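Work through the exercises below with the sequence and the model in view. Each task is followed by a solution in steps.

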Amino acid sequence: MADKVLMKGNEAIAEAAIVAGCRHYFGYPITPQTEIAAYMAKRMPKIGGCFLQAESEIAAINMVYGVASTGKRVMTSSSSPGISLKGEGLSYLAGADLPALVVNVQRGGPGLGGIQPSQSDYFQATKAGGHGDFRMIVLAPASVQEMADLTVKGFELADKYRMTSMILADGTMGQMMEPVSLDFEVAPAAEKPWATTGTKMEREHNIVNSLFLVPEELEKSNFERYERYKYIEENECMWEEYLMEDADICIAAFGIAARVSKNAIVEARKQGIKVGLIRPITLWPFPTKAFAAAADKVSQFISVELSMGQMIEDVRLASGCKVPVTLCNRAGGMIPSPEQVLDAIIEAAKGGAK
Amino acid sequence: MVVFDKPHALTDAPMHYCPGCTHGIVHRLVAEVIDELGIEGRTIGVAPVGCSVMAYNYFNCDMIEAAHGRAPAVATGVKRADPENHVVFTYQGDGDLASIGMAETVHSAARNENITVIFINNAIYGMTGGQMAPTSLPGQVTQTSPYGRDVNHCGYPVKVCEMLSKLDGPEYLERVTVNNVKNIKNAKKAIKKAFQNQLDGKGFSLVEVVSSCPTNWGMTPKQALEWIDEKMIPYYPLGVYKDRSAEKEEA
Amino acid sequence: MATKQFLFSGFGGQGILFSGKFMAYKGLIDGKQVSWLPSYGPEMRGGTASCSVIVSDEPVGSPIVSKPDVLIAMNLPSLDKYESTVAKGGMIFLDSSLIERKVERDDVSVFYIPATRLAGENGMPTLANMIIVGKVLKELSDFAPESVDAALAKVISAKRADMADINRKAMQIGAAN
């Protein structure tokens with residue numbers, strides 16, 4: 001344990017990105033993720049990297065687009081309102097099949113909202129990060145160690161599939177400190193023959209582009225991209241199951257909500273209630289199989305969220321509406337307490353086992 | 001004996017521009033400069049949204065298509081990815097550079113980003129069919145100013161070179177035009193300097209090219225070239241608006 | 001100790017986050033699972049600051065301390081806000097130089113430490129927080145000098161390593177109180 005250091009989640013993301021070979025970061029200050037920018041500002045000049053504070057979130061994501069076009073690992077980070085501004089760039093990155101890492105340390109919304117933790121950008125991240133048909137790989141850390149691990153993983157997946165990986169964290173994950181180890185095996189970056197780094201007069205020119213004026217061609221590019229998405233759905237789902245072996249009730253929760261839920265589960269088990277947890281680590285691809293399998297065993301799902309209920313729709317779809325799915329939530333920057341979750345579990349247990 | 005040839009930096013793709021449009025001339029000038037400086041193999045161009053959206057098909061160097069107005073931010077990323085080797089230029093119209101992308105323009109200039117910006121000012125939105133641009137002249141009739149641009153209602157045109165010249169950041173700002181042979185020669189000189197500045201590490205160099213749009217101006221190509229002299233140049237005077245290195249030498 | 005939940009609270013500028021960080025590092029060095037979660041945002045600027053610290057033999061679930069086993073209150077608003085949240089049988093440590101009232105609950109152990117006055121008298125005006133930490137460690141029978149020193153080395157930057165001695169002295173004053 002002694003080789004571990006205490007780090008804030010935001011700092012763990014920044015240092016893990018550096019370990020993963022990222023040498024370009026562009027951002028704009030916004031609470032509660034500004035530590036990432038501050039960390040990069042300090043470290044990048046010392047390791048031959050580039051930190052640049054952009055004039056806007058829009059400029060930052062387009063600088064990311066520029067570096068990504070050259071094939072180098074690059075990232076930006078922001079919080080909810082800033083991610084909305086980046087939406088344009090996320091769509092273009094998808095359209096041009098460029099790899100990048102984007103971090104959203106969520107805060108309450110809509111609008112300017114607040115600065116306290118939230119998970120209310122789930123829809124935005126998993127369904128509609130911008131205009132057009134596209135997906136992002138969405139990774140939901142639930143500890144500072146995972147903030148680091150999933151950052152490295154995010155870069156690797158982005159390169160592998162030529163798409164954006166998004167770390168969907170929240171204010172608590174960004175601000176809290178936990179022991180973290182940054183001793184990673186980082187896979188070497190893939191060859192990127194498509195990158196625009198100059199022809200050196202040795203090849204045809206490369207074009208990074210998302211414009212297809214001929215609808216047949218645009219459709220083809222969409223179908224090809226969705227073939228790739230299908231492969232990812234089949235091969236890259238990550239989730240954690242906690243005390244699910246004998247569970248009658250299944251909690252669905254990610255990030256901080258899963259941490260709170262574990263406390264409640266421990267208490268409920270003391271009272272003899274068989275309850276477990278499925279914690280999606282990839283929100284897209286959503287671990288549908290895990291929930292489908294659980295739907296055959298449990299009598300009820302409880303989706304615990306820091307939102308008005310967003311992931312609950314995916315839980316319902318994945319479980320095929322075989323058993324009830326209820327919501328246990330707080331919103332606007334509030335966090336459900338273990339007691340609130342415990343109450344929801346006790347209420348669910350009244351229905352009896354399947 | 002070959003007396004006239006296509007620059008190597010231009011592809012064989014037939015351009016889609018309207019008859020009399022000056023985009024073709026400016027494309028050629030940029031390509032000639034890339035050839036003459038021998039930089040095609042390490043040049044990356046960034047195309048805008050607007051009539052020149054498909055510039056990526058016309059230049060033989062690596063090309064990137066940017067979102068509307070964001071070319072200077074994209075170019076910033078490309079340049080910063082490998083400042084020693086990458087030669088980066090953007091090619092943008094007036095709506096792209098002076099309206100939706102104004103923040104990116106101003107801040108890349110303020111940072112003295114070591115890139116070259118080719119700015120086509122033809123006082124109209126061409127690709128969408130002739131709407132009012134940030135540089136449309138007072139009184140100019142367009143699809144969205146059908147009674148003539150009323151400055152009391154929608155304000156005044158943006159003079160980009162004049163505005164940017166007030167910043168400490170940029171290295172070089174010049175306004176040229178391409179409506180006759182002499183002006184085309186001057187324009188090429190300016191474009192070459194804007195690329196040379198980048199090779200010399202001097203920083204942000206922007207060449208504003210006062211251009212014509214006969215189709216959307218509702219004129220013949222010849223009338224359009226004359227209109228540049230009569231209407232555009234008086235409002236957008238040609239000349240060097242900033243040349244920091246020259247200023248230093250004089251001082 | 002299976003799980004100990006600490007809540008450090010006071011004014012911004014009193015070293016609330018620092019003392020919480022020290023406690024978390026000490027737990028880490030002692031081989032425990034730990035988490036540290038600060039309040040953040042505008043309330044930090046001149047208003048109340050707080051941080052949740054959990055030290056446990058088990059993996060830490062929620063990092064949010066809502067029912068502290070140990071409350072450290074360094075100003076009156078903090079005591080007013082958190083007194084009722086302390087777990088039954090828990091402990092409250094307060095800076096009696098700054099908080100005039102007594103704790104109303106009778107189901108918790110209370111320790112009144114005139115930390116700000118002691119800090120002033122001993123020429124360490126910014127270390128009232130660590131005087132209280134010393135007392136906390138003593139009452140928890142957790143004042144192991146080696147891990148205290150190792151934790152201090154972690155939370156004090158190398159540039160200010162000379163500050164370790166005075167921090168240690170502050171904790172000793174607190175422990176002796």
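This is a predicted model: local features need pLDDT of at least 70, side-chain atom pairs count only at pLDDT 80 or more; totals for chains, interfaces and linings use all residues.

Residues are numbered from 1 along each chain as its sequence is written, while chains are lettered from A and ligands numbered from 1 in the order in which they are written.

**Exercise 1.** Find which chains share the most contacts, and describe the side of chain B that touches chain A.

Solution. 
- Step 1. Two residues are in contact if their C-beta atoms, placed from the backbone, lie within 7 Å. Of the 2 pairs of chains in contact, A and B share the most contacts. Chains B and C have no contact, and their closest C-alpha atoms are 28 Å apart.
- Step 2. In chain B, 30 residues are in contact with 32 residues of chain A. Elements of chain B that each supply at least two residues to this side are β1 (43–47), β2 (62–65), α2 (71–81) and α4 (102–110); helices (H or I, at least four residues) and strands (E, at least two) are DSSP runs, numbered from the N terminus. The largest share, 8 residues, comes from α2(B).
- Step 3. Strand β9 (residues 207–208) of chain A runs parallel to β2(B), joined by 2 bridges. Here A:I207 stands opposite B:M63.

**Exercise 2.** Describe how α1(A) and α2(A) cross.

Solution. 
- Step 1. The axes (lines fitted to C-alpha atoms, for helices over the stretch in contact, with angles from 0 to 180 degrees between N-to-C directions) come within 8 Å and cross at roughly 40°. That makes α1(A) oblique to α2(A); angles under 35 degrees count as roughly parallel, over 145 as roughly antiparallel, 65 to 115 as roughly perpendicular and the rest as oblique.
- Step 2. A:N10, A:E11, A:I13, A:A14 and A:I18 of α1(A) meet A:E35, A:I36, A:Y39, A:M40 and A:R43 of α2(A).

**Exercise 3.** Give the strand order of the open sheet in chain A and its edge strands.

Solution. 
- Step 1. Two strands pair if DSSP finds at least two bridges between them. The 7 strands follow the order β3-β2-β4-β5-β7-β6-β13, with mixed pairing.
- Step 2. β3 and β13 (282–284) of chain A are the edge strands, each pairing on one side only.
- Step 3. β2(A) and β3(A) pair in the parallel sense over 4 bridges, and A:G27 stands opposite A:Q53 in β3(A).
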